[in-house]
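Welcome! Have a look at the sequence and the model, then work through the exercises that follow.

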Amino acid sequence: MVKLTNSIGVITDSFRVPVREALVKAKEVGADGVQIYAVKGEMAPENLSAEARKELKKYIDDLGLQISALVGDFGGHGFQDSKANPEIIEKSKRVMDLAFDLGTNIVTTHIGIVPHEENEIFTAMQTACEELSQYANGMGGHFAIETGPEPSAHLKSFLDTLTGHGVAVNFDPANMVMVTGDDPVQGVYTLKDYIVHTHVKDGRRLREVDPRDVYGMLGYEPMTHEKIAEMATSGPFVELPLGEGDVDFDKYFQALIDIGYTGYLTIEREVGQSPEVDIRKAVEFIKRYK
């Protein structure tokens, strides 16, 4: 029998209400921590003074919650465009600074699809990620790439070209099932040295899909979370409540135990009419393994 000891998190945006309201809801559904988007609006680093950061951290502490990670995902083409990269790198560093002020050392992000050939896009991504890795290494932090756009073995080969583990992995099993058809259980073993945060999400692939149509690529439509949510509702794949899709959670959780992963299991629910109900059920689903 799988026996989990990991803390349970939830992405505040999944509740689709303002941040502070979502923090209260996260506590109410039984989560230990939260992951918060920090790219725009009230949570953008430039909109939070040192005083505001302290006050927000205290608010979260007083609720008895931790921050599992921040989301520093600026969408678009990730780090594929060398001309746009300097600005996104700078913004990403500021999100990492904010993460530390709020008590976490992890920022999750999408970097764009890693090409299979070492072309201009590959070089742009590698150069950007190396700079981010060195920045994070210097602080003891991690920019964690979300799994899904490419098979885990290919992502590992890219990560192996970078210095240290400043750029690491936010493992999302459902993305792999829904988009590339890659096996998330094997993926955990493949990426074991890099996994610092995970999403708990379920889904099913309905038909084959080109990852570039989902996650964007230079020359393709840029990625947005709204677009992914729309695709996950109307096909070519569908995001489902935990236990109703094709992620084998018995084997997935066992794989995380096998590699010694002790970090957060953070619930993400991007679609559905009643996210709060689904999130509460997801917390209960994970607790059955404790």
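**Exercise 1: a loop residue**

Thr104 sits in the loop that connects helix H3 (85-101) to strand E4 (106-109); helices (H or I, at least four residues) and strands (E, at least two) are DSSP runs, numbered from the N terminus. This is a predicted model, in which local features need pLDDT of at least 70 and side-chain atom pairs count only at pLDDT 80 or more, while totals for chains, interfaces and linings use all residues. Residues are numbered from 1 along each chain as its sequence is written, and side-chain values use heavy atoms, with hydrogens and water left out.

Task: decide whether Thr104 is buried or exposed, then find what Thr104 touches.

Solution. Step one: the relative accessible area of Thr104 is 7%, so Thr104 is buried (buried means under 20% relative accessible area, exposed over 50%, partly exposed in between; 1.4 Å probe, protein chains only). Step two: setting aside residues up to four places away in sequence, Thr104 touches Ile67, Ser68, Ala69, Leu70 and Ala99 (contact means heavy atoms within 4.5 Å). Step three: a polar atom of the Thr104 side chain lies 3.3 Å from the backbone nitrogen of Ile106.

**Exercise 2: a strand residue and the core**

Task: work out where Ile267 lies and which residues it contacts.

Solution. Step one: look in strand E10 (residues 265-267) for Ile267. Step two: Ile267 counts as buried because its relative accessibility is 2%. Step three: beyond neighbours within four places in sequence, the contacts of Ile267 include Ile8, Val10, Val200, Ala282 and Ile286. Val200 is 67 residues from Ile267 along the chain, yet their C-alpha atoms are separated by 4.7 Å.

Step four: zoom out to the largest nonpolar core, which has 87 residues (such a core is a set of buried Ala, Val, Leu, Ile, Met, Phe, Trp, Tyr and Cys residues joined through side-chain atoms within 4.5 Å). Ile267 is among the residues with the most contacts inside this core, as are Leu70 and Phe253. Helix H4 (residues 120-139) gives the most to this core, with 7 residues. A second, separate core of 5 residues includes Ile106 and Val196.

**Exercise 3: the largest pocket**

Task: find which residues lie nearest the centre of the largest pocket.

Solution. Step one: the lining of the largest pocket has 25 residues. Step two: Asp13, Tyr37, Lys40, His225 and Glu226 lie nearest its centre. Step three: helix H9 (residues 225-234) gives the most to this lining, with 3 residues. A pocket here is, on a 1 Å grid over the protein atoms alone, an open set of points where a 1.4 Å probe fits, with protein on both sides within 12 Å along at least five of seven lines; lining residues have an atom within 4 Å of a point.

Notes
Polar contact = N/O pair within 3.5 Å; in protein donor to acceptor, adjacent residues only side chain to side chain.
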